[in-house]
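Please read this briefing alongside the structure shown below.

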Amino acid sequence: IILLGRVNGNPSGRIPAIQACLPVETPDDRLIEEIKRWLAAAPSADTPKKRLGTLLLVDDDQKFCEILQGFLELKGFSVFTAGTGEEALGCLAEHAPAVVLLDLKMPGMDGVLTLKHIRMRKPNLPVIIVTNSDEEHAKQEAVVLGSHDYLLKPFNFDYLETILLTRIFA
């Protein structure tokens, strides 16, 4: 009896490898134990992928955050969310993200003021503005404060992924 499985180091996962070899007369309970042992050691579909980087998503629109977080996690990013600027500054200290996605229009501390605080704490941290606001004044102020990009909602998620990968691995 031969148990086949994927080799962990095989990038394509197409070439099977012998995981166990048992004599034909192996009792069923021993065979079941061996299969269980092999399954416990094999990476499962639930095993998290290698993470590409940690992101902080700051937006007061909870539904938007859930959708974008789901997309980004499927793509391999770790995502923390904050609904306010104040909450974002707490997350910034706690999680050390590689990139911040920041909305401009939020209750309390708006995105521009949040960006000012981020610049004081982490001057080189990439910040990408993701907003509904197409106000030229806000856009110019965000650029002056060092935002790395300005995406107007709705935007192409694949384009955002490209920008994120560029910022993280640049």
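Helices α3 and α4 pack with their axes 10 Å apart and at an angle of about 20 degrees. Axes here are lines fitted to C-alpha atoms, for helices over the stretch in contact, and angles run from 0 to 180 degrees between N-to-C directions. α3 and α4 are therefore roughly parallel to each other; angles under 35 degrees count as roughly parallel, over 145 as roughly antiparallel, 65 to 115 as roughly perpendicular and the rest as oblique. This is a predicted model, in which local features need pLDDT of at least 70 and side-chain atom pairs count only at pLDDT 80 or more, while totals for chains, interfaces and linings use all residues. Residues are numbered from 1 along each chain as its sequence is written, and side-chain values use heavy atoms, with hydrogens and water left out.

**The pair α3 and α4**

- The crossing of α3 and α4 is right-handed; a crossing is right-handed if the near helix is turned clockwise from the far one by less than a right angle, and left-handed if anticlockwise.
- On the α3 side, G85, A88, L89 and L92 meet T114, H117, I118 and R121 of α4, where contact means heavy atoms within 4.5 Å.
- By class, this contact of α3 with α4 has four nonpolar, three polar and one charged residues.
- Ala, Val, Leu, Ile, Met, Phe, Trp, Tyr, Cys and Pro count as nonpolar, Asp, Glu, Lys and Arg as charged, and the others, Gly among them, as polar.

- A96 lies in the loop between α3 (85–95) and β5 (99–102).
- A96 is exposed, with a relative accessible area of 53%; buried means under 20% relative accessible area, exposed over 50%, and partly exposed in between (1.4 Å probe, protein chains only).
- Although A96 is not a glycine, A96 has a positive phi of about 50 degrees.
- Most residues other than glycine have a negative phi, and most peptide bonds are trans.
- K122 sits in the loop between α4 (111–121) and β6 (127–131) and is partly exposed, at 34% relative accessible area.
- K122 and A96 are 26 residues apart in sequence, and their C-alpha atoms are 9.6 Å apart in space.

**The pair α2 and α6**

- The axes of α2 (residues 62–74) and α6 (residues 157–169) come within 11 Å and cross at roughly 60 degrees.
- α2 and α6 are therefore oblique to each other, and their crossing is right-handed.
- In α2, I67, L68, F71 and L72 meet F157, D158, L160, E161 and L164 of α6.
- The residues of this contact of α2 with α6 divide into seven nonpolar, no polar and two charged.

- D158 is in helix α6 and counts as partly exposed, at 44% relative accessibility.
- Not counting residues up to four places away in sequence, D158 touches F71 and K75.
- The C-alpha atoms of D158 and L72 are separated by 9.9 Å, and the two residues are 86 apart along the chain.
- P154 is found in the loop between β7 (149–152) and α6, and the peptide bond from K153 to P154 is cis, with omega near -10 degrees.

**The whole protein**

- The protein has six helices and seven strands; helices (H or I, at least four residues) and strands (E, at least two) are DSSP runs, numbered from the N terminus.
- Of the 170 residues of the protein, 39% count as buried.
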